[in-house]
Amino acid sequence: MKIAPSLLSCDFSKMGEEIVRMDKAGADWMHLDVMDGHFVPNITFGAPVIKTVRKYTDKPFDVHLMISDPLKYADDFADAGADIITFHVECDSDIDKTIDKIRSRGVKPGLVIKPNTPASAVFPYLDKIDLVLVMTVEPGFGGQSFMADMLPKVKEIKDECKRRGIDMLIEADGGIGDATIEQAANAGIDVCVAGTAVFKADNAAEAIAKLQSY
Ligand code: DX5
Ligand code: ZN
């Protein structure tokens, strides 16, 4: 299992150092949660902050846009150094245009589904994206409880991709830690985001290695 620590749980006063700490601890990707206070009831950081911390690691930047109009800002996040940009299928932007814009910038596009959104919502776009991110909490905040009832969506997406001969990465985000990683692994998830479980651990390297072992 690949592990992407969510910087949402880091000490924002030293975000660069926190990225270095996660890099040394063996993180596979860095997960950056962008919230606009409109799509979700919380505000985090935007492209200028991501651009500033990009230099602290060579690991992939997995930028999760919880914003209403990702098409408007896709160029900014590409310029900031994102390797992957995921955005919500529930957003207000034209989905095809947003995918095409991200791809045109040499960045991998992915779609995210909230807990109340069915897996089938991403089916029309599976040919055009590299990744589907299944939310296992309501987006907006770290430290929430894992929703195991989201896992059947993973199988639905994987079955549809298999049927159509599409290679797809499946990522899960929210409430993942020692108590829930096994269920996620058994469901066939490739990449797990982990905020609290990694940043609040006494030993981040041990915490990441344990999660990766599933
Ligand atoms: C929630 C974010 C997540 C989340 C992960 O809106 O997308 O990345 O903060 O944090 P934990 O692992 O603490 O649930
Ligand atoms: Zn996230």
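**Close-up views of the predicted model**

D130 is partly exposed, its relative accessible area being 24%, where buried stands for under 20%, exposed for over 50% and partly exposed for what lies in between (1.4 Å probe, protein chains only). The model is predicted, with local features needing pLDDT of at least 70 and side-chain atom pairs pLDDT 80 or more, while totals for chains, interfaces and linings use all residues. Residues are numbered from 1 along each chain as its sequence is written, chains are lettered from A and ligands numbered from 1 in the order in which they are written, and side-chain values use heavy atoms, without hydrogens or water.

View 1. A salt bridge is a Lys or Arg side-chain nitrogen within 4 Å of an Asp or Glu carboxyl oxygen, and helices (H or I, at least four residues) and strands (E, at least two) are DSSP runs numbered from the N terminus. R103 pairs with D130 in such a bridge, the closest N and O atoms being 3.0 Å apart. Because R103 lies in helix α4 and D130 in the loop between β5 and β6, this pair ties together parts that are 27 residues apart in sequence. A salt bridge also forms between the side chains of D100 and K128, at 3.1 Å from N to O. R103 is partly exposed at 38% relative accessible area, as are D100 at 41% and K128 at 25%.

**View 2. D75, D79, K101 and R105 are linked in a network of salt bridges.** Within this view, the side chains of R105 and D79 meet in a salt bridge of 2.6 Å, N to O. R105 sits in the loop between α4 (95–104) and β5 (108–113) and D79 in helix α3 (residues 70–79), so the pair ties together parts that are 26 residues apart in sequence. R105 is partly exposed, with 34% relative accessibility, and D79 is likewise partly exposed, with a relative accessible area of 43%. Over the whole structure there are 14 salt bridges.

**View 3. Helix α3 has a buried face.** The buried residues in α3 are P70, A74, F77 and A78. Viewed down the axis of α3, these residues fall within an arc of 95° (the arc of the directions from the helix axis to the C-beta atoms), so they line one face of the helix. Among the elements that cover them are β2 (30–35), α2 (47–53), β3 (61–66), β4 (84–88) and α4, contact meaning heavy atoms within 4.5 Å.

View 4. M15, G16, E18, I19 and M22 are buried in α1. Just after the end of α1, G26 has a positive phi of about 100°.

**View 5. The zinc ion (ligand 2) is coordinated by histidine and aspartate residues.** Its coordinating residues are H31 (NE2), D33 (OD), H64 (ND1) and D173 (OD), at 2.0 to 2.3 Å, donors being N, O and S atoms within 2.8 Å of the metal (3.2 Å for Na, K and Ca), with water not among the atoms, so that sites may look incomplete. The six donor atoms subtend angles of 68 to 169° at the zinc ion (ligand 2), which makes the arrangement octahedral, a term for six donors with opposite ones over 155 degrees apart and all others between 65 and 115. The spacing of the donor residues in sequence is H-x1-D-x30-H-x108-D. Both H31, at 0% relative accessible area, and D33, at 3%, are buried.

**View 6. F12 and F45 form an aromatic pair.** A search of the whole structure finds one aromatic pair. This pair, of F12 and F45, is edge-to-face, with 5.8 Å from centre to centre and 80° between the planes. F12 lies in the loop between β1 (2–5) and α1 (15–24) and F45 in the loop between β2 and α2, so the pair ties together parts that are 33 residues apart in sequence. Rings of Phe, Tyr and Trp (its six-membered ring) pair when their centres lie within 6.5 Å, and planes over 60 degrees apart count as edge-to-face, under 30 as stacked and the rest as tilted. F12 is partly exposed at 43% relative accessibility, whereas F45 is buried at 9%.

Note on methods:
Tetrahedral: all angles 85-135°; square planar, octahedral: opposite > 155°, others 65-115°.
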